[in-house]
Amino acid sequence: MRPLFLLLAGAALAAPATAFAHPHIFAEARLEVVEGENGMISELRNVWRFDEMFSASVVMDFDKNSNAVLDPDELAEVGQTVLESLEEFSYYTTITEDGKTIKVAKPDVINVDFQDGQLLMFFTIKPGEAMPLKGKLTFGVYDPTMYAAMDFASDDDLVVVGNGFSACKRAVVRPDPDEVLAQNQDSLTEAFFNDPAGTDMSKLFATRLELTC
Amino acid sequence: MLKRSVPSTAIVLALGFLLTASLAHAQSPLGIGTAEPGFNTSGIFGGLFGWINAQQQGFYRAMTGALKEMRDNPWAASTLVALSFAYGVFHAAGPGHGKAVISSYMLANEVELKRGVALSFLSSILQGIVAILLVGAAYLFLRGTTVSMTDATRALEIGSYALIALFGAWLLFRKLRPVRAPALDIQAVETHDHGHHHHHAGEVCSTCGHAHAPDPSLLKGERFALREAWSAVVAVGLRPCSGALIVLSFALLNGLYLGGMLAVLAMSIGTAITVSTLATLAVTAKGAAVRFAGNGSAGLRIGSAIEIGGAALVMVLGLLLLGAALQA
């Protein structure tokens, strides 16, 4: 009896006892999904503008000549650092086609600029495999670790570029956290034990662009 | 019977923790700055923690907004202090502010709640001071060198996690060590104590041979406990809060020296309040559990099991965090 009690006590103690880490970085984002030739998605263009706090800490870290400003070579170094680091996180980009996740290819470069105390990053990213404009396509830009909050200020910040999209229905989905929790109550606990990292779950909460073609 | 079941208790608790502690992200995905260790969890307390999380975010944004306002209006300092305090209170509910370490220390040593609260404040304020020193050093000395603030923070993090693991291991070792001949122990404490004339001889003789668990009072030499207390404070205090680092960087680069420091100190006090509250709750819960189990050996066993479990948890926690930090 005692071992069982201890086991239960241990499980209860071990039950989710910590809150989510919360975002320390806030970025205003803009996404353009571009159609290429022969009706495929050719690339996704991202522009991110980071908050002044984080931008200040980047200056602290990368200002080699101590002039309190980021010079072009220092900016290039920032871009290179982020290029290497974000690879593991798919550059915060999640693409699905009919529910299947599509990997992204590594961009050639991440361009970085600094204006009005804010860090700007812009880069293009290509899908890892051919994506025709067919079926249900979703595009999300978010940080699964919740350290950075990518915010699309208005629905117009998620756009499509190209004639082929006129045949598609476009929608911007901004999930309501309470609703998502309520809808998925049963599967969440099970999913938790299968995937403690919870990276699949963050997909449910993130803002996304949905195209039905 | 105690020695047989207690290690298994520790293992059970450690395994339980391992199940929930998934990827402890110690590095920021962007490669710049450091993140708090992030155990992503959901489930039973999801609603409450969702609310706490929302409050954290809200106060963080409000606090940073107030800091920006200080650029134009120096008197915004009072708003800043209030918001920073609130942020500290909610923020400490999340991972990484010494709750486990301080709680385990209090459980293991059965110290007065007063002392536990004092330790919580000391460790939180130390975290604040470390943040101020680190950003100051980064701004004055490290800029232009190959050591970036991210590197320095990482070094402190690794140090802190290593100390936490060692602290947990030490507590565990103390608790699992078999009962020794009491007379020898007391003599060892007495000879080195200056001005402390505690006569333990009477207590020892009345309990030796009857207790089945190591009597806490035997192990509670005054000097002993103080050294352990300081280890706990330093282990926790060494790692600065990443929110504080970001706020201080901004403050420094904009010449808001006083504002930045006030914000961090207010944050530390808020954090201290939450940590001491939770540690007090842990000790109270243990007391209730022991009373519930009744007098006699069952109560002692439950009490020891909780203390040993706490120590094991701290050690496992420290090792996990250390592993994640070294891997990143």
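B:Cys241 is tucked away: with a relative accessible area of 7%, this residue is buried (buried means under 20% relative accessible area, exposed over 50%, partly exposed in between, using a 1.4 Å probe and protein chains only). The model is a predicted one, in which local features need pLDDT of at least 70, side-chain atom pairs count only at pLDDT 80 or more, and totals for chains, interfaces and linings use all residues. Residues are numbered from 1 along each chain as its sequence is written, chains are lettered from A and ligands numbered from 1 in the order in which they are written, and side-chain values use heavy atoms, with hydrogens and water left out.

Other cysteines do pair up. A search of the whole structure turns up one disulfide over all chains, a disulfide being a pair of cysteine sulfur atoms within 2.5 Å. A:Cys168 and A:Cys213 form it, with their sulfur atoms 2.0 Å apart. The pair ties together distant parts of the chain, 45 residues apart: A:Cys168 sits in the loop between β9 (158-161) and β10 (169-173) of chain A, and A:Cys213 in the segment after β11 (208-212) of chain A. (Strands are DSSP runs of E with at least two residues, helices are runs of H or I with at least four, and both are numbered from the N terminus.) The torsion about the S-S bond is about 105 degrees, so the disulfide is right-handed. A:Cys168 counts as buried at 12% relative accessibility, while A:Cys213, at 31%, counts as partly exposed.

Next comes a strand of chain A. Five of the five residues of β3 (residues 93-97) are buried, so this strand is largely enclosed by the rest of the structure. A:Thr93, A:Ile95 and A:Glu97 point one way from β3(A), and A:Thr94 and A:Thr96 point the other way. Strands pair if DSSP finds at least two bridges between them. β3(A) runs antiparallel to β7 (residues 136-141) of chain A, joined by five bridges, with A:Ile95 opposite A:Phe139. Three bridges link β3(A) to β4 (residues 100-102) of chain A, also antiparallel, and there A:Glu97 has A:Lys100 as its bridge partner. β3(A) and β4(A) make a hairpin with two residues between them, and A:Asp98 in the turn has a positive phi of about 50 degrees.

Back in chain B, helix α3 (residues 77-91) holds B:Phe85, which is partly exposed, with a relative accessible area of 34%.
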